[in-house]
Amino acid sequence: MLKTLLAGIAGGMAMNLVMLLTFRAIGFGWDGAGILLTSPIQSQKLVAVWTTLEPLPLVVANPAPIIIGLMLFSIGHAFIYRWLSVSWPAGILPRALRFGGLLFFMTFLFWEFFTPFNQFGEPLALVALELTFWAAIAIAEALAIAAVIERGNPRS
């Protein structure tokens, strides 16, 4: 149980760090001048949600609850990993790739389709960029979780 909690914390830290390096540094920019807000093809509805419509998203106005929430999600992901990974081929990388793919498909691909594309009218080119960010986030979280859980595991 402790190992699973530690794996979730490691995964949450990886998720938050890669999200900072992708969405914040590149997508939105440290000063709000990132490609996701300044691209001439971007949906003005999406830009307004992130910059002017009140209340602004918590991740912009008060990121602490979102950071903590992502950590809690990752702890849940570690328990799901622990449950599913026993039926996967041994090894950190094969298991992390499977879990990262699962996270990406079940969470992030759905999110991008349903919210930015469907509700905000974001163009496919920018959705594709965001999916690249989400893929990096999913793999980073999955690698962190797998590395902690599989360390010292004789079947790995």
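Reply: In what follows, contact means that heavy atoms lie within 4.5 Å of each other. The model is a predicted one. By that criterion, and leaving aside neighbours within four places in sequence, phenylalanine 99 is in contact with His77, Ile80, Tyr81, Trp88, Ala142 and Ile145. Phenylalanine 99 is buried, since its relative accessible area of 1% falls under the 20% limit.

The setting of this residue is the largest nonpolar core, which has 29 residues. Those that touch the most other members are Met19, Phe23, Tyr81, Phe99, Ile137 and Ile145. At least two residues of this core come from each of α1 (2-28), α2 (35-38), α5 (64-84), α6 (92-119) and α7 (124-150). The helix that gives the most is α7, with 11 residues.

The structure holds 10 aromatic pairs. In one of them, the rings of phenylalanine 23 and tryptophan 134 have centres 4.8 Å apart and planes at 50 degrees, so the pair is tilted. This pair links distant parts of the chain, with phenylalanine 23 in helix α1 and tryptophan 134 in helix α7, 111 residues apart. Tryptophan 88 and phenylalanine 99 form another tilted pair, at 6.4 Å centre to centre and 45 degrees between the planes. Here tryptophan 88 belongs to the loop between α5 and α6, while phenylalanine 99 is in helix α6, 11 residues apart. Tryptophan 88 counts as buried, at 17% relative accessibility.

Not counting residues up to four places away in sequence, tryptophan 134 touches Met19, Phe23, Phe104, Phe108, Trp111 and Glu112. Tryptophan 134 and threonine 107 are 27 residues apart in sequence, and their C-alpha atoms are 9.4 Å apart in space. Phe23 and Trp134 also belong to a cluster linked by ring pairs, together with Phe28, Trp50, Phe108 and Phe133.

Helix α5 has 21 residues and reaches 30 Å from its first C-alpha to its last, close to the 30 Å expected at 1.5 Å a residue. Its buried residues are Leu70, Met71, Ser74, Ile75, His77, Ala78 and Tyr81. Seen down the axis of α5, these buried residues fall within an arc of 165 degrees, so they line one face of the helix. What covers them includes α1, α6 and α7. On the other side of α5, Ile68, Leu72, Phe73 and Trp83 are exposed.

These details belong to a chain of 7 helices and 0 strands. The radius of gyration of the chain is 17 Å, close to the 15 Å that the globule rule gives for 156 residues, so the chain is as compact as a globular protein of that length. Its C-alpha atoms fill a box of roughly 55 × 30 × 20 Å along the principal axes. Of the 156 residues, 41% count as buried. Among contacts with a separation of 6 or more, residues 24 or more positions apart account for 69%.

Technical notes
Residues numbered from 1 in each chain as written. Predicted model: local features only at pLDDT ≥ 70, side-chain atom pairs only at ≥ 80, totals over all residues. Heavy atoms only, no water. Core = buried A, V, L, I, M, F, W, Y, C linked by side-chain atoms within 4.5 Å. Buried < 20%, exposed > 50% of the residue type's maximum accessible area, 1.4 Å probe, protein only. Helix = DSSP H or I, 4+ residues; strand = E, 2+ residues; numbered from the N terminus. Expected span 1.5 Å × (residues − 1). Arc of directions from axis to C-beta. Phe/Tyr/Trp six-rings, centres within 6.5 Å; stacked < 30°, edge-to-face > 60°. Rg over C-alpha atoms; globule rule 2.2 N^0.38 Å.
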